[in-house]
Amino acid sequence: LGLATEDALNIDYITSSVGSLNTEFLSTIYLAAQGDEGTAVYKWRHTPASQLSKLVDRNLRAAQQTAQKQVAAGFRIYFPSLETVRASTGGPHNGGTICFQSKWWNSATFPRDLLRDCKSRREGMLMHNKIIYVYPTSQPLTSSHSSTSKSWSYIGSANCSESAWGRLVKDRQTKQPKLNCRNWECGVIIPFRRAAAMADSGSDERSSGKANEDADKEQSGKDGKPKAKSCGLKAFEKVMPVPIVYPGKEYGDGDTPWFNAG
């Protein structure tokens, strides 16, 4: 599809189920969005510590650290809070298909800073969407470089979990990489087309750009440090409708996700 890139990415992931997430798994998803076939994280896991002093392995470790920093800066996961489910039209009794276990949330390795409250644009409604929006940080979606855009969206059945996306492991017999995947999933990737996004706006880049600028103002994290721009989802509206209210609210100290084992 010509979407591979070495540029840092923004990834906005809307999910109806959250698994036992950690930085390694999210790095796998992030690098796959850049075009990696899954081998990068596999190599990180299977490189003996004794070899890390070698130049090639030091470069491998540097790439790992870079990916982890980019995940922390540009990856956002949208899942409803307990408050959002309680306030929905159907209330908690209608939250049975939205799944997240408290033990995952309470794990020391769970990336809490990446979670955002997920609220439907249809007020009071709960959602069962699995949608991903991917766009490089270096190229605004309102730019004129549509033919070289590396932005795209995914819609399908895969939630944000290792069960949905699988894990590349070493086969015990062949010693070669093997994909372990617990679920059967299906999805479609839709490359971003600026022409479609601007079709009904008269190509008014100034007004569209201003709207994106308002939606993408840089926010600060709990530690006061600048976070990646919240989202650039507005430009996707004519390509893949965005069903959530964005930018999503960060989970604060008193906020908890909706927990349901499914």
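Tutor: Contact here means heavy atoms within 4.5 Å. The model is predicted. Start with Ile11.

Student: Which residues does Ile11 touch, not counting those up to four places away in sequence?

Tutor: Tyr30, Ala33, Gly74, Phe75, Arg76, Ile132, Tyr133 and Val134. Each has heavy atoms within the 4.5 Å limit, so each counts as a contact of Ile11.

Student: What stands opposite Ile11 in β2?

Tutor: Phe75 does. Strand β1, residues 9-14, runs parallel to β2, and 4 bridges join the two.

Student: What makes β1 and β2 a pair of strands?

Tutor: Pairing takes at least two bridges. β1 and β2 have 4, so they pair under that rule.

Student: What about β2 and β3, and how many bridges join them?

Tutor: 2 bridges, with the strands running parallel. The rule asks for at least two, so β2 and β3 pair as well. The bridge partner of Tyr78 in β3 is Arg116.

Student: Which way do the residues of β2 point, and are they buried or exposed?

Tutor: Phe75 and Ile77 point one way, Arg76 and Tyr78 the other. All of them are buried. In a regular strand the side chains alternate between the two faces of the sheet.

Student: What is the order of the strands in the open sheet?

Tutor: The order is β3-β2-β1-β4-β5-β8, which is 6 strands with mixed pairing.

Student: Why are β3 and β8 called edge strands?

Tutor: β3 and β8 each pair on one side only. At the β8 end, 5 bridges join β5 to β8, and these strands run antiparallel.

Student: Where does α1 lie relative to the strands?

Tutor: α1 lies across β1, β2, β4 and β5, at about 120 degrees to β1.

Student: How do you know that α1 and α2 meet, and which residues are involved?

Tutor: Glu24, Ser27, Thr28 and Leu31 in α1 meet Ala40, Val41, Trp44 and Arg45 in α2. By class, that contact has 4 nonpolar, 2 polar and 2 charged residues. The two helix axes come within 8 Å and cross at roughly 145 degrees.

Student: How many residues are in the largest nonpolar core?

Tutor: There are 36. The residues with the most contacts inside this core are Ile11, Leu21, Leu26, Phe75 and Phe79. At least two core residues come from each of β1, α1, α2, α3, β2, β4 and β5. α1 gives the most, with 6 residues. A second, separate core has 16 residues, Cys118, Ile131, Phe192 and Leu233 among them. In soluble globular proteins, nonpolar side chains tend to be buried together.

Student: How many aromatic pairs are there?

Tutor: The structure holds 10.

Student: What makes Phe100 and Trp105 an aromatic pair, and what kind is it?

Tutor: The centres are 6.4 Å apart and the planes stand at 85 degrees. The limit for a pair is 6.5 Å, and planes over 60 degrees apart count as edge-to-face. Phe100 and Trp105 are therefore an edge-to-face pair. Both are buried.

Student: Are the rings of Phe192 and Phe236 stacked or edge-to-face?

Tutor: Edge-to-face: 5.4 Å between centres, 70 degrees between planes. The pair links distant parts of the chain, 44 residues apart: Phe192 is in the loop between β8 and α7, and Phe236 is in the segment after α8. Phe192 and Phe236 are buried.

Student: Which residues do ring pairs link into a cluster?

Tutor: Phe79, Phe100, Trp105, Phe110, Tyr251 and Phe259.

Student: Why is Leu1 called exposed?

Tutor: The relative accessible area of Leu1 is 78%. Exposed means over 50%, so Leu1 qualifies. Leu1 is in the segment before β1. The C-alpha atoms of Leu1 and Ile189 are separated by 9.2 Å, although 188 residues lie along the chain from one to the other.

Student: What is the sense of the pairing between β6 and β7?

Tutor: Antiparallel, over 4 bridges. Lys170 stands opposite Pro177 in β7. This hairpin has 6 residues between the strands, and Lys175 takes a positive phi near 65 degrees.

Student: What fraction of the chain is buried?

Tutor: Buried residues make up 43% of the 262 residues. Each of these has under 20% relative accessible area, so each meets the cut-off.

Definitions and conventions
Residues are numbered from 1 along each chain as its sequence is written. This is a predicted model: local features need pLDDT of at least 70, side-chain atom pairs count only at pLDDT 80 or more; totals for chains, interfaces and linings use all residues. Side-chain values use heavy atoms; hydrogens and water are left out. Buried means under 20% relative accessible area, exposed over 50%, partly exposed in between (1.4 Å probe, protein chains only). Axes are lines fitted to C-alpha atoms, for helices over the stretch in contact, and angles run from 0 to 180 degrees between N-to-C directions. Ala, Val, Leu, Ile, Met, Phe, Trp, Tyr, Cys and Pro count as nonpolar, Asp, Glu, Lys and Arg as charged, and the others, Gly among them, as polar. A nonpolar core is a set of buried Ala, Val, Leu, Ile, Met, Phe, Trp, Tyr and Cys residues joined through side-chain atoms within 4.5 Å. Rings of Phe, Tyr and Trp (its six-membered ring) pair if their centres lie within 6.5 Å; planes under 30 degrees apart count as stacked, over 60 as edge-to-face and the rest as tilted.
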